[in-house]
Amino acid sequence: FYVLVPYRDDQELDLFFTANDSQGTGLGRRLFDHMAERAKALGAAKVVISANPEATGFYRKMGAVEVGVSPPEAGISWDRPKFELAL
């Protein structure tokens, strides 16, 4: 599943998860593509992503570009790589 939330004039990917046993099957790519199409339909030019550090390779592979760091907040105690996906 994923959750998109409005972010200025664009969208932010707030949550993105697949079941552990589905990882490596292409499901994540299909879900990510669905998310990107949905964000476009909502009028976004980009999607902002504050990533779990373990997922940075996936987001790079999906075409997102690292643009900085999101500081700890709301119960998250570590810095998170911040990405943008141009739509």
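Analyst: What follows goes from the whole chain to single residues, and the model under discussion is a predicted one.

User: What secondary structure does the protein chain have, and in which order do the elements run from the N terminus?

Analyst: The protein chain comes to two helices and five strands, and from the N terminus on these elements run β-β-α-β-α-β-β.

User: What makes the protein chain as compact as a globular protein of that length?

Analyst: The radius of gyration is 12 Å, close to the 12 Å that the globule rule gives for 87 residues, so the protein chain is as compact as a globular protein of that length. Along the principal axes, the C-alpha trace spans about 30 × 30 × 20 Å. Buried residues make up 34% of the 87 residues, and among contacts between residues at least 6 apart in sequence, 54% join residues at least 24 apart.

User: How do you know that the length of α1 is close to what is expected for a helix?

Analyst: Helix α1, residues 27–41, has 15 residues and reaches 21 Å from its first C-alpha to its last, which is to be set against the 21 Å expected at 1.5 Å a residue.

User: Which residues of α1 are buried, and why are they said to be on the same side of the helix?

Analyst: The buried residues of α1 are Gly 28, Leu 31, Phe 32, Met 35, Ala 36 and Ala 39. They cover an arc of only 140° around the axis, and therefore they lie on the same side of α1. On the other side of α1, Arg 30 and Ala 41 are exposed. The cover over the buried residues of α1 includes β1, β2, β3, α2 and β5. After α1 comes Gly 43, which has a positive phi, near 95°.

User: Which residues touch the most other members of the largest nonpolar core, and where does its largest share come from?

Analyst: Of the 18 residues in this core, Leu 13, Phe 32, Met 35, Val 47, Ile 49 and Tyr 59 touch the most other members. At least two residues of the core are supplied by each of β1, β2, α1, β3 and β5, and the largest share, five residues, comes from α1. Met 35, not counting residues up to four places away in sequence, touches Tyr 2, Leu 4, Leu 13, Val 47 and Leu 85.

User: How do you know that β3 and β5 pair, and in which sense?

Analyst: Two strands are said to pair if at least two bridges are found between them, and β3 and β5 have five bridges, in the antiparallel sense. Lys 46 stands opposite Ala 86 in β5. Strand β4, residues 65–70, also pairs with β5 in the antiparallel sense over five bridges, with Phe 83 in β5 as the bridge partner of Glu 66.

User: Why is Ala 51 called buried?

Analyst: Ala 51 has a relative accessible area of 1%, and because buried means under 20%, the residue counts as buried. Ala 51 lies in the loop between β3 and α2 and, leaving aside its neighbours within four places in sequence, is in contact with Tyr 59, Arg 80, Pro 81 and Phe 83.

User: Is Arg 8 buried or exposed, and how do you know?

Analyst: Arg 8 has a relative accessible area of 74%, and because exposed means over 50%, the residue counts as exposed. Arg 8 is found in the loop between β1 and β2, and its phi is near 55°, a positive value in a residue other than glycine.

Note on methods: Residues are numbered from 1 along each chain as its sequence is written. This is a predicted model: local features need pLDDT of at least 70, side-chain atom pairs count only at pLDDT 80 or more; totals for chains, interfaces and linings use all residues. Side-chain values use heavy atoms; hydrogens and water are left out. Helices (H or I, at least four residues) and strands (E, at least two) are DSSP runs, numbered from the N terminus. Buried means under 20% relative accessible area, exposed over 50%, partly exposed in between (1.4 Å probe, protein chains only). The expected span of a helix is 1.5 Å times one less than its number of residues. The arc is that of the directions from the helix axis to the C-beta atoms. Contact means heavy atoms within 4.5 Å. A nonpolar core is a set of buried Ala, Val, Leu, Ile, Met, Phe, Trp, Tyr and Cys residues joined through side-chain atoms within 4.5 Å. The radius of gyration is taken over C-alpha atoms; the globule rule is 2.2 Å times the number of residues to the power 0.38.
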